Every structure is written in C-alpha cells, then in structure tokens.
Amino acid sequence: VLKQAINGFLESLDVRTRVIFMRRYWYSMSVKDIADGMRLSESHVSVILHRTRNKFKDYLTKEGVFV
C-alpha cells in the first residue's frame, strides 16, 4: 500500500518538482547541489521541497496511510 501511494504521489508531480524531490530524498543531494544543478536559487529549491512535503503528507493521509 505504501509503495503504491508513494508511486502515485510521484506520478502526480510535475517533472521539475519530481526531480527535485527525488534528488533530495532518494539520492540525498544537498539543497545547494540541487540548486546549482538545476540553475535555481537555494531558497527556491527549499520552498519547493517544503510545499512538496506538505502535499505528500496530505496525499498519504488521503490515501489512508498514517504518518
């Protein structure tokens, strides 16, 4: 159930957000490295990650996965 929920969430994201989220939480890249690699500011990457974490929590709750 958790695997399906995670995959469903990732599929719902736009490509840029998915890449940022995966680089941070799958590949454990630093915010600075992500920002440099994608030509974004660190603060912009941080805001995207914050908003995506909130969406992820809401998505998991909606799917009945307790966090």
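User: Is Phe 56 buried or exposed?
Analyst: This is a predicted model. In it, Phe 56 has 18% relative accessibility, and buried means under 20%, so Phe 56 counts as buried.

User: Which ring does Phe 56 form an edge-to-face pair with?
Analyst: With Phe 21; the centres are 5.7 Å apart and the planes are at 75°. Phe 21 is in helix α2 and Phe 56 in helix α4, 35 residues apart, and the pair links these distant parts of the chain.

User: And Phe 21, buried or exposed?
Analyst: Phe 21 counts as buried because its relative accessibility is 9%.

User: How many aromatic pairs are there in the whole structure?
Analyst: A search finds 5. One of them is Phe 9 with Phe 56, with centres 4.7 Å apart and planes at 35°, so that pair is tilted. Phe 9 lies in helix α1 and Phe 56 in helix α4 (residues 42-62), so the pair ties together parts 47 residues apart in sequence.

User: Which residues do the ring pairs link into a cluster?
Analyst: Phe 9, Phe 21, Tyr 25, Phe 56 and Tyr 59.

User: Switching to helices. At what angle do α1 and α2 pack?
Analyst: About 135°, with the axes 8 Å apart; α1 covers residues 2-12 and α2 residues 15-25. The two helices are therefore oblique to each other.

User: Which residues make that contact?
Analyst: Phe 9, Leu 10 and Glu 11 from α1, and Arg 18, Phe 21 and Met 22 from α2. By class, the contact has 4 nonpolar, no polar and 2 charged residues.

Key
Residues numbered from 1 in each chain as written. Predicted model: local features only at pLDDT ≥ 70, side-chain atom pairs only at ≥ 80, totals over all residues. Heavy atoms only, no water. Axes fitted to C-alpha atoms, helices over the stretch in contact; angles between N-to-C directions. Helix = DSSP H or I, 4+ residues; strand = E, 2+ residues; numbered from the N terminus. Parallel < 35°, antiparallel > 145°, perpendicular 65-115°, else oblique. Contact = heavy atoms within 4.5 Å. Nonpolar A, V, L, I, M, F, W, Y, C, P; charged D, E, K, R; others polar. Phe/Tyr/Trp six-rings, centres within 6.5 Å; stacked < 30°, edge-to-face > 60°. Buried < 20%, exposed > 50% of the residue type's maximum accessible area, 1.4 Å probe, protein only.
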